[in-house]
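These are my notebook entries on a single protein chain. I record what I looked up, entry by entry.

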Amino acid sequence: MTNYDNPPIQAIFIDRDGTIGGTDEIRYPGELELYQGVEESIRKLSGQGIQLFGFTNQPGITKGKSTIKAFQQEMRLFGIEHTYVCPHPAKAQCECRKPQPTMLKQAALEHDLNLEQCIVIGDRWSDMTAARAAGCLCILVLTGAGIESLEENRTRWEALEADFLATDFNAAVQWILQMREKPIEDVIIRHACAEDAPRLLELHRALDRESTYMLYNPGERKTTLGGQARFIDQLNATSNSSIWIAEHQGKIIGHLTVIGGTAERIRHRASIVIGIRQAHTGQGIGKKLISAMEEWRPTAGITRLELTVMSHNFNAIALYHKVGFKQEGLKPMSLLVNGTYVDEIIMGKLYEDNNKSSLVL
């Protein structure tokens, strides 16, 4: 993943339809209605001395429905001085149409830009693919075709991920300004809410790609955004279940999920799952997530925690021992990972703060 800790930002490339206004369908000049707050957000970026560029696919131009000049003039009225336009339909297989990075590279040549110091904001998989091919940071907004890009079109850019998922253009700009003015150094640990569903689902997909310690193979996870949001809401509505997330510079880099028993006889016990992005392992984030959960645990009436861990995940096993978990058993050949059978270790941690005695038979 691109390193975006306090980067110098030369320019921002902004997609048009579905990103700053309209829908996921093309609106021709004079028809596009900007989303609320977009004009102010564009002014904020300009006030930071950041160059702004538009780049957009507009196949209707070849059909005579508009002109490149008309699109450029409209974008200039919005506060975006330079706009690069591909007028060709997809079937033309031209070199300039996104997901090709040609428009970005052309702008770099004409305006002396280092594309590694540029950001792309868009709502489509093609925006993200073009950005990565050019070496830019990329922000996916969830307006326009953004949700579609994360669901049915996710396989089209499965090998990469956005640097940030923004609810809209204004949130993308807020993230950029936050990075530029005062980068967040500390990791924030908090409860997840339904609004975190897109970023949490992207975390799970990233963990599937970069780790052999998770349950699913890359691309196997079928959870939808709606399903993820419902799952978060269901856990938050249950007194003995919850999800904590570790957040750094607006990205979710880790989670701890607690799922408590539903029947009365097992409401005192809960299973936990922890996942941390590879780039952030060994930084104490797992321990911070566990500490946050431990503060909450007594209020949930949980007196037993349990988990399973792959027998070759030595760092995780060491962490669990350090915070008080003990090995309780072994599940031989429990998982098949990359063609090799792997054992799972069963671990548990008991608490005595409920003052209830154990029944010995």
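I note at the outset that the model is predicted.

Just after α2, I recorded a positive phi of about 105° at Gly79.

**The chain as a whole**

I listed ten helices and 13 strands for the protein. Of its 361 residues, 51% count as buried. The C-alpha atoms fill a box of roughly 85 × 45 × 35 Å along the principal axes. Among contacts with a separation of 6 or more, 67% are between residues 24 or more positions apart. The protein exposes about 18,000 Å², and carbon and sulfur atoms supply 49% of that area.

**Strand β5**

I next asked how many of the five residues of β5 are buried. The count is five of the five in this strand (residues 137-141), so β5 is largely enclosed by the rest of the structure. Leu137, Ile139 and Val141 point one way from β5, while Cys138 and Leu140 point the other way. In a regular strand, side chains alternate between the two faces of the sheet. I also checked the pairing: β4 (residues 118-122) runs parallel to β5 and is joined to it by four bridges. Ile119 has Leu137 of β5 as its bridge partner.

**Backbone exceptions**

Most residues other than glycine have a negative phi, and most peptide bonds are trans.

In the loop between β3 and α3 (102-111) I found Pro99. The peptide bond from Lys98 to Pro99 is cis, with omega near 25°. Gln93 lies in the loop between β3 and α3 as well, and its phi is positive, near 50°, although Gln93 is a residue other than glycine.

Gln249 also has a positive phi, of about 50°, and is not a glycine. I located Gln249 in the loop between β8 (242-248) and β9 (251-260).

Is each of these glutamines buried or exposed? Gln93 is exposed, with a relative accessible area of 71%. Gln249, at 3%, is buried, since the cut-off for that class is under 20%.

I looked up a nonpolar patch on the surface formed by Met333, Leu336 and Tyr341, which together have about 360 Å² of accessible area. Leu336 sits in strand β12 (residues 326-337) and counts as exposed at 52% relative accessibility.

My last entry concerns Asp343, in strand β13 (residues 340-350). Asp343 is partly exposed, with a relative accessible area of 26%. Leaving aside residues up to four places away in sequence, Asp343 touches Val309, Met310, Ser311, Leu330, Lys331, Pro332, Met333 and Ser334; one of these, Met333, belongs to the nonpolar patch. I also noted that the C-alpha atoms of Asp343 and Thr308 are separated by 9.8 Å, the two residues being 35 residues apart along the chain.

Definitions and conventions. Residues numbered from 1 in each chain as written. Predicted model: local features only at pLDDT ≥ 70, side-chain atom pairs only at ≥ 80, totals over all residues. Heavy atoms only, no water. Helix = DSSP H or I, 4+ residues; strand = E, 2+ residues; numbered from the N terminus. Patch = residues over 30% accessible without salt bridge, like charges linked within 9 Å, V, L, I, M, F, W, Y side chains within 5 Å. Areas by Shrake-Rupley, 256 points an atom, 1.4 Å probe, with all protein chains shown as cover. Salt bridge = Lys/Arg side-chain N within 4 Å of Asp/Glu carboxyl O. Buried < 20%, exposed > 50% of the residue type's maximum accessible area, 1.4 Å probe, protein only. Pairing = 2+ DSSP bridges. Contact = heavy atoms within 4.5 Å.
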